[in-house]
Amino acid sequence: MEFIKVVILGMFEGLTEFAPVSSTGHMILVDEMWLKTDLFLGDYVANTFKVFIQLGSILAVVVIFRKRFRELLISSQKRKGARLKWSHIIIGLLPAAILGFLFEGYIDEYLFTLETVLIGLGAGAVFMIAADLHQPKEWKETVDQISHTQAFTIGIFQCLSLWPGFSRSGATISAGVFMGLSHRAAADFTFIMAVPIMLGASVLSIVNNLTYFQWTAVPYFAAGFLSAFLFALLSIRFFLKLINHVKLIPFAIYRFLLIVVICFLYF
């Protein structure tokens with residue numbers, strides 16, 4: 001049953017990490033209400049597990065965007081025209097990386113609760129609806145058209161995702177739309193930028209909680225990682241085909257419905 005629980009948690013991570021519905025929020029809700037992984041992993045290790053299995057989702061992004069990452073490895077001198085560069089990604093991830101490093105302990109200890117997730121789900125939904133209602137004069141259709149100003153602004157709004165339930169992809173895709181990017185261009189930038197920041201967050205959480213870690217937890221971490229990877233492969237491909245057609249409002253509606261259901265079941 002314990003292995004089934006970590007696989008289920010990995011499934012929720014993979015399916016929701018890059019949809020604007022908050023993977024962290026879903027994991028906290030599912031774990032706190034039903035799975036209770038803290039009972040066999042311990043509080044600190046359970047929180048680290050929820051962060052660590054995001055590495056499975058990161059690997060899925062690398063696989064799907066492998067051509068884009070190969071292009072980023074080519075020196076800027078050899079690439080002509082307006083193209084996405086590492087400078088865009090670095091500028092975009094710096095604000096959240098700095099705040100996450102400074103407040104990582106506070107977030108782990110005080111914000112990983114059901115109540116804070118519900119607040120984040122609602123606030124994120126409002127932000128997403130506002131983004132969909134925004135109509136810029138012109139759209140930038142591909143991620144290669146993004147400017148450094150747009151990348152930095154998206155990075156500022158990514159800080160909102162440090163609040164569990166708000167959703168990294170919900171915050172950054174919405175910010176990108178506000179800045180005049182198409183939904184698909186904003187999603188592409190969100191996914192690519194997620195790799196270094198999620199990798200850093202995972203490593204930081206593991207290092208900070210290393211003293212609580214037990215080797216008996218390794219099989220659970222491996223199973224959760226593999227589950228997150230496989231389900232993320234499926235969900236990312238599906239989401240990228242869907243986002244330009246349905247945009248963000250349907251996901252915002254889902255978030256409001258989830259709040260109602262959780263309040264009914266839990267409270």
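Pro 95 turns up in helix H7, which spans residues 86–111. The model looked at here is a predicted one. With a relative accessible area of 11%, Pro 95 is buried, because the cut-off for that label is under 20%. Setting aside the neighbours within four places in sequence, the contacts of Pro 95 are Phe 152, Gly 155, Ile 156 and Cys 159. Leu 121 sits 26 residues from Pro 95 in sequence, and the C-alpha atoms of these two are 22 Å apart in space.

Next comes Gln 145, which is found in the loop between helix H8 (114–133) and helix H9 (148–158). Gln 145 has 38% relative accessibility and so counts as partly exposed, since that label covers values between 20% and 50%. Once residues up to four places away in sequence are left out, Gln 145 touches Lys 140 and Gln 150. As for Pro 219, 74 residues along the chain separate it from Gln 145, and 43 Å lie between their C-alpha atoms.

Arg 66, Lys 67, Arg 70, Arg 237 and Lys 241 together form a positive surface patch. Two helices, H6 (66–73) and H12 (218–246), each bring at least two residues to the positive patch. H6 gives the largest share, with 3 residues. Arg 66, one of the patch residues, has its place in helix H6. The relative accessible area of Arg 66 is 46%, which makes this residue partly exposed.

Definitions and conventions. Residues numbered from 1 in each chain as written. Predicted model: local features only at pLDDT ≥ 70, side-chain atom pairs only at ≥ 80, totals over all residues. Heavy atoms only, no water. Helix = DSSP H or I, 4+ residues; strand = E, 2+ residues; numbered from the N terminus. Buried < 20%, exposed > 50% of the residue type's maximum accessible area, 1.4 Å probe, protein only. Contact = heavy atoms within 4.5 Å. Patch = residues over 30% accessible without salt bridge, like charges linked within 9 Å, V, L, I, M, F, W, Y side chains within 5 Å. Areas by Shrake-Rupley, 256 points an atom, 1.4 Å probe, with all protein chains shown as cover. Salt bridge = Lys/Arg side-chain N within 4 Å of Asp/Glu carboxyl O. Lys, Arg positive; Asp, Glu negative; His and termini not counted. Charge placed at Lys NZ, Arg CZ, Asp CG, Glu CD.
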